Amino acid sequence: MHIGLLTLEIFIPDAQSLKEKRFVLRSLKDRLRKFNISIAECGHQDLWQRSTLGVVSICSDHLILEQTLNTVVEETEKIIAGSLSSYQIEYL
């Protein structure tokens with residue numbers, strides 16, 4: 001069994017309140033769930049324009065896991081159009 005952890009650092013320049021930030025993140029999370037992942041906001045909950053999301057996936061095949069997490073990164077970049085500051089993938 002292989003476990004992959006993806007950390008996404010997101011900057012949302014247009015958010016003027018926590019409500020707007022939550023709307024963007026909720027939309028992103030809903031669209032990413034099709035990849036059968038678990039996703040949660042793990043940092044910067046009190047900041048309007050910044051967020052850290054943790055994405056976890058478990059798979060029996062390491063290559064499929066790697067492909068899934070890379071696809072999540074690509075899809076995130078498409079959805080939030082340039083707001084992805086950085087990301088990190090770890091395998092446990």
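# Reading a predicted fold, feature by feature

Trainee: Let me start with Cys-42: does Cys-42 count as buried or exposed?

Mentor: Cys-42 counts as exposed, at 53% relative accessibility. The scale runs from buried (under 20% relative accessible area) through partly exposed to exposed (over 50%), with a 1.4 Å probe and protein chains only. Before we go on, remember that this is a predicted model, where local features need pLDDT of at least 70 and side-chain atom pairs count only at pLDDT 80 or more, while totals for chains, interfaces and linings use all residues. Residues are numbered from 1 along each chain as its sequence is written, and side-chain values use heavy atoms, without hydrogens and water.

Trainee: What about Cys-59, and how many disulfides does the structure hold?

Mentor: Cys-59 has a relative accessible area of 19%, so Cys-59 is buried. As for disulfides (cysteine sulfur atoms within 2.5 Å), the structure holds 0.

Trainee: Then let me try a residue in a strand. Where is the place of Ser-57?

Mentor: Ser-57 sits in strand S3, which covers residues 50-59. Helices (at least four residues, H or I) and strands (at least two, E) are DSSP runs numbered from the N terminus. Ser-57 has a relative accessible area of 7%, so Ser-57 is buried.

Trainee: Which residues does Ser-57 touch?

Mentor: Contact is heavy atoms within 4.5 Å. Setting aside residues up to four places away in sequence, Ser-57 touches His-2, Ile-3, Gly-4, Asn-36, Ile-37, Leu-65, Thr-68 and Leu-69.

Trainee: Asn-36 is on that list. What is its phi?

Mentor: The phi of Asn-36 is positive, about 55 degrees, although Asn-36 is not a glycine. Asn-36 belongs to the loop between H1 and strand S2 (38-43). At a relative accessible area of 70%, Asn-36 is exposed. You will find His-44 in the loop between S2 and S3, where His-44 counts as partly exposed at 24% relative accessibility.

Trainee: Last one: at what angle do H1 and H2 pack?

Mentor: Helix H1 (residues 18-32) and helix H2 (residues 62-80) pack at about 140 degrees, and their axes are 11 Å apart. H1 and H2 are therefore oblique to each other. H1 contributes Leu-28, Arg-31 and Leu-32 to the contact, and H2 contributes Val-72, Glu-75, Thr-76, Ile-79 and Ile-80. Axes are lines fitted to C-alpha atoms, for helices over the stretch in contact, and angles run from 0 to 180 degrees between N-to-C directions. Roughly parallel is under 35 degrees, roughly antiparallel over 145, roughly perpendicular 65 to 115, and the rest oblique.
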